[in-house]
Amino acid sequence: MIVTSGLTLFSIGLGAAAILGVASKLLYVKEDPRIGLIEDSLPGANCGGCGYPGCSGAAAAIVAGKAPASVCIVSDAETAAVVAGIMGQEVIEREPELAVRDCSGGTRAEDAFHYEGALDCRAAHLLYGGSKTCPEGCLGLGSCVRACPFNAIHMGPAGLPVIDPDECKACGNCVDACPRGVITVSGMSARLLHLNQTTDCLAPCRQKCPAQINIPKYIEQIKAGDYDGAVMTIKERNPLLVTCGRVCPRPCETECRRQYVDETVGINMLKRFVADRELRSGTHLPVACAKDTGKKVAVVGGGPAGLSCAYFLRRLGHSPTIFDAMPALGGQTRYGIPEYRLPKADLDWEIQGILDLGIDARLNTSFGKDFTLETLKADGFETIFLGIGAWQASGMYAEGEDLDGVMGGIEFLTAHALGQKPETGDKVIVVGGGNTAIDAARTCVRLGAEVTLMYRRTRNEMPADMEEIVGAEDEGVKFKFLAAPARVIGDENGRATHLEYYEMELGEPDDSGRRRPVKKEGSEARMEASLIIPAIGQKPDLGCLYDDGEGECPLETTRWQTIVADPDTFQTAIPGVFTAGDVYTGPDLVISAIGDGRKAARSMHYFMTQDHVPVPETTQKGMIPYTLFKEIGQVERKKRAVLPHLCHGDERNCTFNEVEGSLSEAEARAEADRCLRCGLVCYDRDADAPTDRIENANT
Amino acid sequence: MQEYFLLFIGAMFVNNIVLAQYLGNCPFIGTSKETSVAVGMGGAVVFVAVMATAITWLVQRHVLVPFGLGYLQTLAFILVIASLVQFVEMFLKKMVPPLYKSLGIFLPLITTNCAVMGIALICQREEFGLFESTMFAFASGLGFMLALVLLAGVRERLAVRRLPMAMRGTPIGLIMAGLMSLAFFAFKGMI
Ligand code: SF4
Ligand code: SF4
């Protein structure tokens, strides 16, 4: 019986083995032996973080050429080198990435309803989008914490996930687990390429900043004493912080929530404080750049737009060359902004920091004369950025304005900056109400002239910054409001001697909402002038785009002489040619040029590395309406800091020394402490402040 | 016809292979953490159970019974099922690679799955014909899949609740399986 049983089982086994043997011959699937080898080298965690089903899936993908040797997120560089060795490849280094949490709400984001369901963010989110009033904020139930296979996240005391940078492997499991997009995994390049999304946690100031600087973050870093960190946060969006800290008209402050409690936070003073700290230290903080891509890009124009574009392209690993017609870089920050507002030495230092990243600059080379779009292409530049600014002064449309002794505002400031000592005489009339007019007027005061600034509306309607207007008043500039030039009267030598003007009165509001000035008939009067400076407006000088300044312009242009480009990608009608700054927008803020320069650099990067420029649908363009509530409760009033004046009296009126100084450390810390650290609808309240003004933040 | 229908319903609900017979418990607890995994495992069991039952039926009727070796049933069936699974794996890898990939680790797991063995043995005990056997195997496989998917659904929800530490994972899984088994007793009244 034993023998029979044994034999039977043996023969069934033998039969099965024979069938399997034959089958294995017939059904043999040839497998690359490298798959097994690679699989053995991988750590075998089978976590799926690489995006493939386990380590064998990853090994197969590497062999199939679908994944790089460094695909495994758990293993170290050594393993990647071994795998690359098996594949006979070089190791392509991955840029280090980390999970980051942008939301700052946590427990201070108010409850929309009381939630008692499953303690999971995804489950809570299914019920009316979760219990927090903020539509993008953290729900705080910790799905990300549970999803992290590496124990790299825990819930912090403020009810927000805290990521441990030493443990995070950037696998992205937390990102998948979060129903509200609070966490993202990103590296330096991704952060530089990121455009603000309506799904980001954007404080009102951050929504308004044309350069998209993470304002609450750098203010918080200042509050914590991490000044270098604050500089780096700003440099992630703006390489010209010394300049902006001095001349930015602060659009962000117009939206600062604090203004509904007392006064806006001195955001720009804080930027200047950290920028000046770096400046005074004399060494630039190291700025990281991605690995060289070997792609050459041409940046035409070394103004704020061009410098910003070149800086971001360099940081993304490309090799930009800046071409500029002037003897030094900086564009209108150098030639249009007087020394007393922005010392040239400080500007030089800042620009040098940008060039030191590995950017070439070719000065005194004019676009259209020394090189053209074609020659640039022929020289191997893969993309071209046009940031040639707006250097042509608009006329007054008054008879006699081409006489000697009439000089456009920007021409005057440029000539002065170039040291050409333009003749002012002793009576100067500046026509206009913007910052260029004020700059020209204050410069003439310093050159010893008696200056009258003529503006056709009233002081309240002047577009210049209030500080600038007050500064001009303090320095003795006389103002003649409600007056418009009629004609320039000259002597027999063809030199202007007087300006004839009309008195004006304000009529009905026009499209801009300002009341339109109307001429008072028969009100003509004359004013003596040795120099008349019309500073009414500027437009780009597009002559350089034409062959010999004439003929067909290769690019589409508008009637304001600006270049037409896609408003999202900044690409012009010629593929590979991008633009931004004043030549695209018309005269605008330095910070807008910087912001758009980065956006253009982003588009150029995508243009060179993939076939289209992605623009997400949720890209933030205007202000997000529900974040603009005005009832700010439970916040103590605190005084806003005041910038110290560095020079007074005669010294101020006769020299070009800088007028305003920087905050002291204690003042900066106190000012940073005034920031409410806003999110979309949340902000920091003072625990012991009265509660009577609290309103539902979402109304 | 009615007979087959009753056989089908009976195998799937009343005598559910896991919840009533309590076979295949380890893959039942082990692969019921996520619904998607449960569906994959359930599908694999249905497939192998049907194939295994048909082949073991043939082995029993044409080898073991004629030679009076009925007592070797268990051993012979183990051998047959293990070889069959190996064969199916090779076959799928060559001929239907997408299905092979999606079944992944579950296919070899079934080799040691007592539910498959149980189904084959029950068919012999009940003396079903070849057609009845395969139908029974199919229905039992579906029953296994049903129980697996239901438990996975429950456990996915449990995973996000706050549970006492000692209860998390397998313990609460076993309790839930017990409760489901009680609930399935209600089907006893159907036939
Ligand atoms: S789950 Fe998030 S925090 Fe954890 S390792 Fe992955 S990316 Fe980092
Ligand atoms: S209080 Fe701070 S975070 Fe809020 S808007 Fe003002 S500067 Fe931005």
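This is a predicted model: local features need pLDDT of at least 70, side-chain atom pairs count only at pLDDT 80 or more; totals for chains, interfaces and linings use all residues.

Leaving aside its neighbours within four places in sequence, which residues is Ser5(A) in contact with?

Mentor: Apart from its neighbours within four places in sequence, Ser5(A) is in contact with Tyr71(B) and Leu72(B). You will find Ser5(A) in helix α1 of chain A, which covers residues 2-26. Ser5(A) has a relative accessible area of 11%, and because buried means under 20%, Ser5(A) counts as buried.

Those contacts lead us to the meeting of the two chains. Chain A brings 20 residues to the contact and chain B brings 19 residues. Between them, chain A and chain B bury about 1,700 Å², with 79% of that on carbon and sulfur atoms. On the side of chain A that touches chain B, twelve residues are nonpolar, six are polar and two are charged. The count of salt bridges between chain A and chain B is zero, while two residue pairs are in polar contact across the interface, both at pLDDT 80 or more.

Let us turn to salt bridges elsewhere. Side chains of opposite charge can pair when their charged atoms come close. Over all chains, the structure holds 42 salt bridges. One of them joins the side chains of Glu278(A) and Lys235(A), at 2.8 Å from N to O. This pair links distant parts of the chain, with Glu278(A) in helix α14 (residues 267-281) and Lys235(A) in helix α11 (residues 227-235), 43 residues apart. Glu278(A) is buried at 6% relative accessibility, and Lys235(A) is buried with a relative accessible area of 6%.

Another salt bridge is formed by Arg258(A) and Asp262(A), whose closest N and O atoms are 3.1 Å apart. Arg258(A) is buried, at 2% relative accessible area, and Asp262(A) is buried at 19%.

Lys478(A) is partly exposed at 41% relative accessibility, and Glu450(A) is partly exposed at 39%. Shared partners also join Arg341(A), Asp439(A), Arg442(A), Arg446(A), Glu468(A) and Glu475(A) into one network of salt bridges.

The ligands are the next stop. Around ligand 1 there are 14 residues, and the closest are Cys148(A), Cys168(A), Lys169(A), Cys171(A) and Cys174(A). By class, that shell has eleven nonpolar, two polar and one charged residues. The residues around ligand 2 include Cys205(A), Cys256(A), Cys675(A) and Cys678(A), and also Arg257(A) and Arg677(A). The shell of ligand 2 has ten nonpolar, no polar and two charged residues.

To finish, visit Arg94(A), in the loop between α4 (77-87) and β1 (97-101) of chain A. Arg94(A) is partly exposed, with a relative accessible area of 46%. Beyond its neighbours within four places in sequence, Arg94(A) is in contact with Ser70(A), Cys72(A) and Ile73(A).

How values were computed:
Residues are numbered from 1 along each chain as its sequence is written. Chains are lettered from A and ligands numbered from 1 in the order in which they are written. Side-chain values use heavy atoms; hydrogens and water are left out. Helices (H or I, at least four residues) and strands (E, at least two) are DSSP runs, numbered from the N terminus. Buried means under 20% relative accessible area, exposed over 50%, partly exposed in between (1.4 Å probe, protein chains only). Contact means heavy atoms within 4.5 Å. A residue is near a molecule or strand if one of its heavy atoms lies within 4 Å of it. Ala, Val, Leu, Ile, Met, Phe, Trp, Tyr, Cys and Pro count as nonpolar, Asp, Glu, Lys and Arg as charged, and the others, Gly among them, as polar. Buried area is the accessible area (1.4 Å probe) that two parts lose on being put together, summed over both. A salt bridge is a side-chain nitrogen of Lys or Arg within 4 Å of a carboxyl oxygen of Asp or Glu. A polar contact is a pair of N or O atoms within 3.5 Å; within protein, one must be able to donate a hydrogen and the other to accept it, and residues adjacent in sequence count only if both atoms are side-chain atoms.
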